[in-house]
Amino acid sequence: MAEASHETTVDRKIDRSQMQISEEVAIQINQMNKWYGTFHVLRDIDLTVYEGERIVICGPSGSGKSTLIRCINRLEEHQAGQIIVDGIELTSDLKNIDKIRSEVGMCFQHFNLFPHLSILENCTLAPIWVRKVPKKEAVETAMHFLEKAKIPEQADKFPGQLSGGQQQRVAIARSLCMKPRIMLFDEPTSALDPEMIKEVLD
(Lines give C-alpha, C1' and ligand atoms only; values in the text may rest on other atoms or scores of the structure.)
Protein backbone atom coordinates (compact mmCIF):
# COMPACT_ATOMS: atom_id res chain seq x y z
CA MET A 1 0.00 0.00 0.00
CA ALA A 2 3.03 2.23 0.31
CA GLU A 3 6.06 1.77 -1.95
CA ALA A 4 6.16 -1.70 -3.48
CA SER A 5 9.08 -2.96 -1.38
CA HIS A 6 7.68 -1.63 1.91
CA GLU A 7 4.01 -2.53 1.97
CA THR A 8 1.72 -1.68 4.85
CA THR A 9 -1.04 -4.17 5.63
CA VAL A 10 -4.14 -4.17 7.81
CA ASP A 11 -4.43 -7.09 10.22
CA ARG A 12 -8.01 -8.35 10.54
CA LYS A 13 -7.09 -11.89 11.61
CA ILE A 14 -8.37 -11.29 15.13
CA ASP A 15 -11.13 -12.62 17.36
CA ARG A 16 -14.13 -10.33 16.93
CA SER A 17 -16.30 -12.23 19.40
CA GLN A 18 -15.55 -9.70 22.16
CA MET A 19 -16.17 -6.68 19.93
CA GLN A 20 -19.48 -4.90 19.51
CA ILE A 21 -19.11 -4.03 15.85
CA SER A 22 -21.75 -1.82 14.28
CA GLU A 23 -22.73 -1.61 10.64
CA GLU A 24 -22.02 2.12 10.88
CA VAL A 25 -18.77 3.19 9.24
CA ALA A 26 -16.34 5.10 11.47
CA ILE A 27 -13.55 5.65 8.93
CA GLN A 28 -13.79 5.37 5.15
CA ILE A 29 -10.75 5.91 2.92
CA ASN A 30 -11.10 5.78 -0.86
CA GLN A 31 -8.15 5.78 -3.26
CA MET A 32 -6.13 8.05 -0.98
CA ASN A 33 -2.66 9.18 -2.09
CA LYS A 34 0.02 11.08 -0.24
CA TRP A 35 3.31 12.49 -1.53
CA TYR A 36 6.30 14.11 0.15
CA GLY A 37 7.67 16.06 -2.76
CA THR A 38 8.22 13.43 -5.45
CA PHE A 39 8.13 10.51 -2.99
CA HIS A 40 4.82 8.64 -3.23
CA VAL A 41 4.51 7.49 0.38
CA LEU A 42 0.88 6.28 0.31
CA ARG A 43 -0.57 4.88 -2.90
CA ASP A 44 -4.28 4.27 -3.65
CA ILE A 45 -5.26 3.45 -0.05
CA ASP A 46 -8.71 1.92 0.46
CA LEU A 47 -9.87 1.19 4.01
CA THR A 48 -13.17 0.80 5.83
CA VAL A 49 -13.33 0.66 9.63
CA TYR A 50 -16.65 0.06 11.37
CA GLU A 51 -17.76 1.43 14.74
CA GLY A 52 -16.55 -0.87 17.50
CA GLU A 53 -13.91 -2.47 15.30
CA ARG A 54 -10.25 -2.57 16.28
CA ILE A 55 -7.65 -3.02 13.57
CA VAL A 56 -3.86 -3.12 13.41
CA ILE A 57 -1.93 -1.55 10.55
CA CYS A 58 1.31 -3.48 10.04
CA GLY A 59 4.43 -2.72 8.05
CA PRO A 60 8.17 -2.11 8.32
CA SER A 61 9.69 1.19 9.38
CA GLY A 62 9.17 3.86 6.73
CA SER A 63 6.21 2.15 5.06
CA GLY A 64 3.77 4.97 5.88
CA LYS A 65 1.91 3.69 8.96
CA SER A 66 2.31 6.88 10.98
CA THR A 67 1.62 9.03 7.92
CA LEU A 68 -1.66 7.19 7.30
CA ILE A 69 -2.78 7.72 10.90
CA ARG A 70 -1.81 11.39 10.78
CA CYS A 71 -3.81 11.84 7.57
CA ILE A 72 -6.91 10.45 9.30
CA ASN A 73 -6.60 13.21 11.91
CA ARG A 74 -5.57 15.79 9.26
CA LEU A 75 -2.19 16.32 10.90
CA GLU A 76 -0.93 15.50 7.42
CA GLU A 77 -2.73 16.57 4.25
CA HIS A 78 -3.45 13.97 1.58
CA GLN A 79 -3.21 15.13 -2.04
CA ALA A 80 -5.69 12.80 -3.72
CA GLY A 81 -8.59 10.55 -2.81
CA GLN A 82 -11.12 10.77 -0.02
CA ILE A 83 -11.04 10.40 3.77
CA ILE A 84 -14.36 10.36 5.64
CA VAL A 85 -14.27 10.22 9.44
CA ASP A 86 -17.47 9.84 11.46
CA GLY A 87 -19.47 10.89 8.39
CA ILE A 88 -17.43 14.04 7.72
CA GLU A 89 -15.07 14.31 4.75
CA LEU A 90 -11.67 15.74 5.57
CA THR A 91 -10.93 18.70 3.33
CA SER A 92 -9.33 22.08 3.91
CA ASP A 93 -12.50 23.22 5.75
CA LEU A 94 -11.17 24.19 9.19
CA LYS A 95 -14.56 23.75 10.89
CA ASN A 96 -14.72 20.13 9.79
CA ILE A 97 -11.12 19.54 10.85
CA ASP A 98 -11.79 20.96 14.33
CA LYS A 99 -14.96 18.88 14.66
CA ILE A 100 -13.15 15.68 13.70
CA ARG A 101 -10.23 16.35 16.03
CA SER A 102 -12.58 16.88 18.97
CA GLU A 103 -13.95 13.36 18.46
CA VAL A 104 -10.78 11.53 17.38
CA GLY A 105 -8.20 10.77 20.06
CA MET A 106 -4.56 10.46 19.08
CA CYS A 107 -1.81 8.76 21.06
CA PHE A 108 1.57 9.64 19.56
CA GLN A 109 4.61 7.41 19.34
CA HIS A 110 6.75 10.07 21.05
CA PHE A 111 4.24 11.08 23.74
CA ASN A 112 3.95 14.82 22.82
CA LEU A 113 3.20 15.76 26.42
CA PHE A 114 3.38 19.42 27.46
CA PRO A 115 6.64 19.59 29.46
CA HIS A 116 5.64 22.70 31.44
CA LEU A 117 2.38 21.17 32.71
CA SER A 118 1.93 18.55 35.40
CA ILE A 119 0.65 15.10 34.47
CA LEU A 120 -2.79 15.98 35.82
CA GLU A 121 -2.81 19.27 33.88
CA ASN A 122 -1.81 17.43 30.70
CA CYS A 123 -4.84 15.18 31.14
CA THR A 124 -7.37 17.88 32.03
CA LEU A 125 -6.36 20.65 29.60
CA ALA A 126 -8.30 19.47 26.52
CA PRO A 127 -11.48 18.34 28.33
CA ILE A 128 -11.72 21.72 30.08
CA TRP A 129 -10.91 23.93 27.09
CA VAL A 130 -12.31 21.90 24.19
CA ARG A 131 -15.26 20.04 25.72
CA LYS A 132 -15.96 22.69 28.39
CA VAL A 133 -16.00 20.02 31.10
CA PRO A 134 -16.09 21.44 34.67
CA LYS A 135 -12.65 21.26 36.29
CA LYS A 136 -13.79 18.93 39.09
CA GLU A 137 -15.23 16.45 36.59
CA ALA A 138 -12.13 16.70 34.39
CA VAL A 139 -9.87 15.95 37.37
CA GLU A 140 -11.99 12.95 38.40
CA THR A 141 -11.88 11.57 34.86
CA ALA A 142 -8.13 12.14 34.62
CA MET A 143 -7.47 10.36 37.91
CA HIS A 144 -9.67 7.47 36.78
CA PHE A 145 -7.60 6.90 33.65
CA LEU A 146 -4.29 7.50 35.46
CA GLU A 147 -5.35 4.78 37.89
CA LYS A 148 -6.19 2.50 34.96
CA ALA A 149 -2.66 3.18 33.67
CA LYS A 150 -1.32 2.44 37.19
CA ILE A 151 0.35 5.82 37.66
CA PRO A 152 -2.05 7.92 39.79
CA GLU A 153 0.82 8.77 42.15
CA GLN A 154 2.54 10.65 39.30
CA ALA A 155 -0.30 13.15 38.86
CA ASP A 156 1.56 16.13 40.35
CA LYS A 157 4.88 15.44 38.62
CA PHE A 158 6.07 16.84 35.29
CA PRO A 159 6.76 14.72 32.17
CA GLY A 160 10.53 15.17 32.49
CA GLN A 161 10.43 13.46 35.89
CA LEU A 162 8.91 10.26 34.45
CA SER A 163 10.45 7.36 32.58
CA GLY A 164 9.63 6.77 28.92
CA GLY A 165 7.20 4.00 29.80
CA GLN A 166 5.44 6.19 32.35
CA GLN A 167 5.16 9.03 29.84
CA GLN A 168 3.59 6.65 27.34
CA ARG A 169 1.01 5.62 29.92
CA VAL A 170 0.23 9.29 30.54
CA ALA A 171 -0.16 9.87 26.80
CA ILE A 172 -2.66 7.01 26.58
CA ALA A 173 -4.57 8.22 29.64
CA ARG A 174 -4.63 11.78 28.28
CA SER A 175 -6.14 10.60 24.99
CA LEU A 176 -8.87 8.66 26.79
CA CYS A 177 -9.77 11.64 28.99
CA MET A 178 -11.46 13.27 26.00
CA LYS A 179 -13.75 10.22 25.70
CA PRO A 180 -13.34 10.22 21.91
CA ARG A 181 -15.54 8.30 19.51
CA ILE A 182 -12.47 7.08 17.61
CA MET A 183 -8.96 6.36 18.93
CA LEU A 184 -5.78 6.34 16.85
CA PHE A 185 -2.65 4.81 18.37
CA ASP A 186 0.81 5.22 16.83
CA GLU A 187 2.82 2.35 18.38
CA PRO A 188 1.40 3.11 21.85
CA THR A 189 3.09 0.18 23.58
CA SER A 190 6.60 0.70 22.20
CA ALA A 191 8.00 1.85 25.57
CA LEU A 192 6.06 -0.53 27.82
CA ASP A 193 7.02 -3.82 29.43
CA PRO A 194 5.11 -7.00 28.42
CA GLU A 195 2.85 -6.97 31.49
CA MET A 196 1.84 -3.34 30.94
CA ILE A 197 1.28 -4.01 27.23
CA LYS A 198 -1.36 -6.58 28.19
CA GLU A 199 -2.98 -4.05 30.55
CA VAL A 200 -3.10 -1.44 27.78
CA LEU A 201 -4.52 -3.84 25.19
CA ASP A 202 -7.16 -5.09 27.63
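Trainee: Is the crossing of α4 and α5 right-handed or left-handed?

Mentor: A crossing is called left-handed if the near helix is turned anticlockwise from the far one by less than a right angle, and right-handed if clockwise. In this predicted model, the crossing of α4 and α5 is right-handed. The contact (heavy atoms within 4.5 Å) is made by Thr141, Ala142, Phe145 and Leu146 of α4 together with Ala173, Leu176 and Cys177 of α5.

Trainee: At what angle do α4 and α5 pack, and how far apart are their axes?

Mentor: Two packed helices are described by the angle between their axes and the distance between the axes. Axes are lines fitted to C-alpha atoms, for helices over the stretch in contact, with angles running from 0 to 180 degrees between N-to-C directions. For α4 and α5 the angle is about 140 degrees, and the axes lie 9 Å apart. Angles under 35 degrees count as roughly parallel, over 145 as roughly antiparallel, 65 to 115 as roughly perpendicular and the rest as oblique. The two helices α4 and α5 are therefore oblique to each other.

Trainee: How are the helices assigned, and how many residues has α4?

Mentor: Helices (H or I, at least four residues) and strands (E, at least two) are DSSP runs, numbered from the N terminus. Helix α4 comprises residues 135–148, which is 14 residues. From first C-alpha to last, α4 reaches 20 Å, close to the 20 Å expected at 1.5 Å a residue; the expected span is 1.5 Å times one less than the number of residues. After α4 comes lysine 150, with a positive phi near 65 degrees.

Trainee: Which residues of α4 are buried?

Mentor: Buried means under 20% relative accessible area, exposed over 50%, and partly exposed in between (1.4 Å probe, protein chains only). In α4, Ala138, Thr141, Ala142, Phe145 and Leu146 are buried. They cover an arc of only 135 degrees around the axis, which puts them on the same side of α4; the arc is that of the directions from the helix axis to the C-beta atoms. Lys136 and Glu140, on the other side of α4, are exposed.

Trainee: What covers the buried residues of α4?

Mentor: The cover includes α3 (119–129) and α5 (164–177). The buried residues of α3, among them Ile119, Leu120 and Pro127, pack against α4 and α5.

Trainee: What conventions apply to these values?

Mentor: Residues are numbered from 1 along each chain as its sequence is written, and side-chain values use heavy atoms, with hydrogens and water left out. Local features need pLDDT of at least 70, side-chain atom pairs count only at pLDDT 80 or more, and totals for chains, interfaces and linings use all residues.
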